[in-house]
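Student: Please take me through the model shown below, one question at a time.

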Amino acid sequence: MGPCLSSSQQLTLLWPFIRKEIKDAILSIPNHKILGPDGYRSGFFKSTWNIIGEDICKAILEFFEYGELPIEWNYTNLSLIPKIPNPSTTVDYRPIACCNTLYKGISKLLCSRLREILPDVVHPNQSAFIEGRLIGHNNMIYQDLIRLYHQKTFSPRCIFKIDLRKAYDSVSWEFIDHLLTKLKFPPQFYHWVLALLNTCSYTPVVNGHHYGNFQGKKGLRQGDPISPLIFVLVMDYLTRSLLYHTQYNQF
């Protein structure tokens, strides 16, 4: 149930990137962002763009042409940020992915295309990370629903409380592949997205020390520019499922 991509939207996603877009994507990364495993902040690329800019553009355009991402570009430092003053267990830390600058540039380029079509595909009740929508509107609607929850004159209803942090960390990549296919994303685009997911590997960093390396298998990375937009599509599937079951009384 719900809208899928039209042929014009598919063409929008596949419109060739130009060098100016690549430059703007790299230069838009703030200098204060934590550096990735390559050891270079975005400030290095900005200050030396007149020297290395052409090579960077060629490398990124080659990814979009062939769809193959060098594994080294997707090495990720996993920094554990304390959520409370005196953490004592693993759940007291928030894992933040520190990606390489070149990877962030590619991810930002895909985001620039994805943002153009999301407002037409995603249900209006999804407000976070969608251009032209404010998450505060949902907060006000929620308050009104709770205030009127016990009135008998309204239709039957229920409230779900979902732990989005756990959902974010456990999203199945196979499901994302299936979801993008059903929404009629062009194969070339979702192959780019899956290349970003399938090649990632993590190195935990605790107190400035690196501990081993392991391959990612599921979930989305906090710190990856495209992750919030993919999660919006995942949550929209939940919305579509609820609408379907309420319409056909299958609860």
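**Exposure, pairing and packing**

Student: Is Gly212 buried or exposed, and what is its relative accessible area?
Tutor: Buried means under 20% relative accessible area, exposed over 50% and partly exposed in between, with a 1.4 Å probe and protein chains only. Gly212 is exposed, because its relative accessible area is 53%.

Student: On what basis are such values computed?
Tutor: This is a predicted model, in which local features need pLDDT of at least 70 and side-chain atom pairs count only at pLDDT 80 or more, whereas totals for chains, interfaces and linings use all residues. Residues are numbered from 1 along each chain as its sequence is written, and side-chain values use heavy atoms, with hydrogens and water left out.

Student: Which residues does Gly212 touch, beyond those up to four places away in sequence?
Tutor: Gly212 sits in the loop between E4 and E5; helices (H or I, at least four residues) and strands (E, at least two) are DSSP runs, numbered from the N terminus. Its C-alpha lies 8.4 Å from that of Tyr202, ten residues away in sequence. With contact meaning heavy atoms within 4.5 Å, the residues touched by Gly212 are Tyr202, Thr203 and Pro204.

Student: How many residues of strand E3 are buried?
Tutor: Strand E3 covers residues 201-206 and is mostly covered. Of its six residues, the number buried is five.

Student: In what sense do strand E1 and E3 pair, and over how many bridges?
Tutor: Two strands pair if DSSP finds at least two bridges between them. Within this pairing, Thr76 has Tyr202 as its bridge partner, and Asn77 stands opposite Thr203. Strand E1 (residues 75-82) and E3 run in the parallel sense, and the number of bridges is five.

Student: Which residue of E5 is the bridge partner of Tyr202?
Tutor: E3 is joined to strand E5 (residues 214-215) by two bridges, and these strands run antiparallel. The partner of Tyr202 in E5 is Phe214.

Student: What phi does Asn207 take in the hairpin of E3 and E4?
Tutor: E3 pairs with strand E4 (residues 209-210) in the antiparallel sense over two bridges, and Val206 has His209 as its bridge partner. Most residues other than glycine have a negative phi. The hairpin has two residues between the strands, and Asn207 takes a positive phi near 55°.

Student: Which residue of E2 stands opposite Leu78?
Tutor: E1 is joined to strand E2 (residues 93-99) by seven bridges, and the two run antiparallel. Opposite Leu78 stands Ala97.

Student: At what angle do the axes of helix H5 and helix H9 cross?
Tutor: Two packed helices are described by the angle between their axes and the distance between the axes. Axes are lines fitted to C-alpha atoms, for helices over the stretch in contact, and angles run from 0 to 180 degrees between N-to-C directions. The axes of H5 (residues 101-121) and H9 (residues 187-198) come within 11 Å and cross at roughly 145°.

Student: Which residues of H9 make the contact with H5?
Tutor: On the side of H5, the contact is made by Tyr103, Ile106, Ser107, Leu110, Arg113 and Leu114. The residues of H9 are Phe189, Trp192 and Leu196.

Student: Which residue forms a salt bridge with Glu21?
Tutor: A salt bridge is a side-chain nitrogen of Lys or Arg within 4 Å of a carboxyl oxygen of Asp or Glu; the structure holds five of them. In this one, the closest N and O atoms are 3.0 Å apart. The pair ties together parts 92 residues apart in sequence, because Glu21 lies in helix H2 and its partner in helix H5.

Student: How far apart are N and O in the salt bridge of Lys20 and Asp24?
Tutor: Lys20 and Asp24 both lie in helix H2 (residues 19-27), four residues apart, about one turn of the helix. Lys20 counts as exposed at 56% relative accessibility, and Asp24 is partly exposed at 37%. From N to O, the separation is 2.8 Å.

Student: Which residue meets Asp224 in a salt bridge?
Tutor: Asp224 is buried, with a relative accessible area of 3%. The distance from N to O is 3.3 Å, and the partner of Asp224 is Arg221.
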